[in-house]
Amino acid sequence: MTLSLDELARALIVRDTDVMRLDLGDRWAKRLPAQPMARIYAATQGGGFIQLGEQRLTMEPGELLFLPRGEAHSVRDRPTTPFGCSEAFCNAMRATGPHG
């Protein structure tokens, strides 16, 4: 039996889950504040960069990234993409799956 990514994410988080699937356009960047919950990122197609403090992590297609402590971090398509979003999502970030 194979688990979908949503099922895997829900199985790994013991309390309160928040699973979101996004279709990311050409240019995207978002800062995320510290929260008392783990985060999992999965690059099913394409990739991106996650900045965690001074550490920059590269995500390639097919990779998972697990942030167990919920630290503040940023995600973006390339290291040079500016953070210009004031809404919940940037224009290039479109929800494509269930949220909740």
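A residue counts as exposed when its relative accessible area is over 50% and as buried when that area is under 20%, with partly exposed in between; the legends below apply these classes to a predicted model.

**View 1. Overall fold of the protein chain.** The chain holds one helix and eight strands, and from the N terminus on the elements run α-β-β-β-β-β-β-β-β. Of its 100 residues, 27% count as buried, while the chain exposes about 6900 Å², of which carbon and sulfur atoms supply 53%. Among contacts with a separation of 6 or more, 68% are accounted for by residues 24 or more positions apart.

**View 2. The salt bridge between Arg69 and Glu71.** The closest N and O atoms of Glu71 and Arg69 are 3.1 Å apart, and the two residues form a salt bridge. Arg69 has a relative accessible area of 62% and is therefore exposed, whereas Glu71, at 24% relative accessibility, counts as partly exposed.

**View 3. The salt bridge between Asp77 and Arg78.** The count of salt bridges comes to two, and one of them joins Arg78 to Asp77, with the closest N and O atoms 3.7 Å apart. Asp77 is buried, its relative accessible area being 12%, while Arg78 counts as partly exposed at 34% relative accessibility.

**View 4. Arg76, a buried charged residue without a salt bridge.** Arg76 is found in strand 7, which spans residues 73-76. Arg76 is buried, yet it has no salt bridge, and the nearest side chain of opposite charge, that of Asp77, is 6.8 Å away; a salt bridge would require a side-chain nitrogen of Arg within 4 Å of a carboxyl oxygen. The side chain of Arg76 instead reaches the backbone oxygen of Pro79 at 3.3 Å, and a polar atom of the Arg76 side chain lies 2.6 Å from the backbone oxygen of Thr81. Leaving aside residues up to four places away in sequence, Arg76 touches Trp28, Ala29, Gly48, Phe49, Thr81 and Phe83.

**View 5. The largest nonpolar core.** This core consists of 10 residues, namely Trp28, Leu32, Tyr41, Ala43, Ile50, Leu52, Met59, Leu65, Leu67 and Val75. The elements that give two or more residues to the core are strand 4 (48-52) and strand 6 (64-67). Ala43, one of the core residues, touches Met59, Glu60, Pro61, Gly62 and Glu63 when residues up to four places away in sequence are not counted.

Definitions and conventions: Residues are numbered from 1 along each chain as its sequence is written. This is a predicted model: local features need pLDDT of at least 70, side-chain atom pairs count only at pLDDT 80 or more; totals for chains, interfaces and linings use all residues. Side-chain values use heavy atoms; hydrogens and water are left out. Buried means under 20% relative accessible area, exposed over 50%, partly exposed in between (1.4 Å probe, protein chains only). Helices (H or I, at least four residues) and strands (E, at least two) are DSSP runs, numbered from the N terminus. Lys and Arg count as positive and Asp and Glu as negative; His and the chain ends are not counted. A polar contact is a pair of N or O atoms within 3.5 Å; within protein, one must be able to donate a hydrogen and the other to accept it, and residues adjacent in sequence count only if both atoms are side-chain atoms. Contact means heavy atoms within 4.5 Å. A nonpolar core is a set of buried Ala, Val, Leu, Ile, Met, Phe, Trp, Tyr and Cys residues joined through side-chain atoms within 4.5 Å. Accessible areas come from the Shrake-Rupley method with a 1.4 Å probe; for residues, only the protein chains shown count as cover.
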